[in-house]
Every structure is written in structure tokens, then in C-alpha cells.
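I opened the model today to look up a few places in it, and these entries record what I found, one topic at a time.

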Amino acid sequence: MLLRAFRSLMPKEERFIDQFVGQARHIVAAAVALEAVMDAAPEERPQRIAALKRVEKDADHIAKDAVRDLHRAFITPFDRSDILALINALDDAIDLMDEVPRHATLYGVERVDEPMRQFVALIHQQANVLVELMPLLGAIARNADRIGPLCGRLSELEDQADDILRGALQALINERPDMIAFLGRRELYEKLEAVTDRCDDVGDLVAGIMLDHV
């Protein structure tokens with residue numbers, strides 16, 4: 001209790017909240033860019049993939065700046081290990097989306113099926129939740145009533161992604177495609193589902209931080 005009161009009186013480095021918001025907005029942009037890749041005609045696909053890569057590179061700059069600032073900061077809004085974990089989880093979500101088109105090309109997967117579109121739709125929903133959630137970290141105790149439900153929403157969407165993954169894998173097994181096609185589609189499903197895992201990890205981290213501040 002005394003430590004919490006002492007920390008509340010100390011000046012803090014608030015730039016991390018802005019960086020988290022920036023990362024969340026880039027997750028939205030990456031989801032939009034990935035949808036554009038999936039919707040593109042074959043001749044347009046390289047241009048759409050390049051646009052997704054630009055989003056990933058911009059987001060990577062934010063993550064690197066945040067890590068640099070963390071090493072330089074004297075007082076942080078909350079525990080340093082939590083800040084680093086948030087930076088990494090947000091960055092991982094974008095990195096995984098950036099990997100999807102490259103793996104599709106590697107395995108020769110050209111057809112975008114319904115489970116893939118469902119995954120991206122869920123990712124887009126989670127990204128919108130993250131954009132709403134990240135600014136609330138600037139005043140955790142005051143925003144606790146809003147933070148809890150948003151973290152819960154991230155988990156609900158991740159649960160839906162788990163269901164989609166199970167159904168997609170079962171359908172893939174029943175379809176019995178050739179080995180390369182099987183491996184390629186399975187890996188794409190799992191990468192897309194992993195994005196929802198990382199977004200849910202952000203929610204779990206924020207929920208834990210909230211418990212330390214309320």
C-alpha cells in the first residue's frame with residue numbers, strides 16, 4: 001500500500017501509453033492490409049503484400065523506440081517487465097500477420113478459404129478492442145470498470161478463433177489434400193489463430209496490471 005502511494009506521487013514516463021496506442025492502431029492497419037491481400041487479384045497481390053510489409057516495418061520502429069525508452073526511463077507507469085511483455089505481444093501480432101502471405105506463397109496456397117477470412121475478421125475485432133483498451137492504461141484505477149470487460153472481450157474472440165481452428169483442421173483432414181497443400185493450409189490457420197492468441201495475451205497482461213493498481 002505504501003509503495004503504491006509512493007509511486008502515485010512520482011512523475012512517470014507516459015510516452016509508453018502513446019506507443020501502445022500506436023502499436024494497437026498498427027494492428028488494425030495490418031488486419032486491413034491482410035484483408036486486402038486476401039481480396040486482391042493475383043496480379044495485384046505483390047502490391048498489397050508490400051503495403052502490409054510497410055505497416056509491419058512502421059510498427060517495428062514503434063516497438064524498438066518503446067524498448068529504448070524503457071531502458072532510459074527512471075519511473076515507469078507500471079512494472080518494467082509488464083511494459084516489455086506488452087510491447088512484445090503487440091509487436092508479435094503484427095509480425096505474425098506479415099508472415100501469412102509469405103507462407104502462402106511458399107506453399108503455393110492461392111485460394112483464400114472461409115476459415116482464413118473468419119480469422120482475419122476476428123483479428124480486426126480484437127484490434128479495435130485494443131485501440132479502445134490501450135489509452136485506458138494511462139489511468140488504470142479510474143478506468144478499471146472499462147478495462148475488465150475489454151480484456152474479457154479479447155478472450156471471447158480468441159475462444160471463437162480456437163473453435164474456427166478446430167473446425168478448419170477437421171475439414172482439412174476430411175478433405176485429404178496432397179501433403180504440401182495440407183501443410184500449407186494448416187500452417188496458415190495456425191498462424192492466424194496465433195495472432196488472436198497474442199491479442200488475448202495483451203488482455204491477460206493488462207488484467208494482471210490492473211490487479212496491481214486497484
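Entry one, the pocket. I looked up the lining of the second largest pocket in this predicted model, and I found that 17 residues line the pocket, with Val37, Arg45, Ala104, Val109 and Val112 lying nearest its centre. I noted its volume as about 250 Å³. When I asked which helices supply the lining, I found that α2 (15-39), α3 (45-72), α4 (80-107) and α7 each supply at least two residues, and that α4 gives the most, with four residues.

Entry two, cysteine 199. I placed cysteine 199 in helix α7, which spans residues 179-213. Is cysteine 199 buried or exposed? I count cysteine 199 as buried because its relative accessibility is 1%, and the cut-off for buried is under 20%. Leaving out residues up to four places away in sequence, I listed Ala93, Gln126, Leu130 and Leu154 as the residues that cysteine 199 touches. I also checked cysteine 199 against glycine 167, 32 residues away in sequence, and noted a C-alpha to C-alpha separation of 21 Å.

I found histidine 124 in helix α5, residues 114-133. With residues up to four places away in sequence again not counted, histidine 124 touches Val28, Ala31, Val32 and Glu35. Finally, I looked up histidine 124 and glutamate 190, which are 66 residues apart along the chain, and wrote down 17 Å between their C-alpha atoms.

Note on methods:
Residues numbered from 1 in each chain as written. Predicted model: local features only at pLDDT ≥ 70, side-chain atom pairs only at ≥ 80, totals over all residues. Heavy atoms only, no water. Contact = heavy atoms within 4.5 Å. Buried < 20%, exposed > 50% of the residue type's maximum accessible area, 1.4 Å probe, protein only. 1 Å grid on protein atoms, 1.4 Å probe; cavity = no way out; pocket = protein on both sides within 12 Å on 5 of 7 lines; lining within 4 Å. Points joined across faces, edges and corners; volume = space filled by probe spheres on them.
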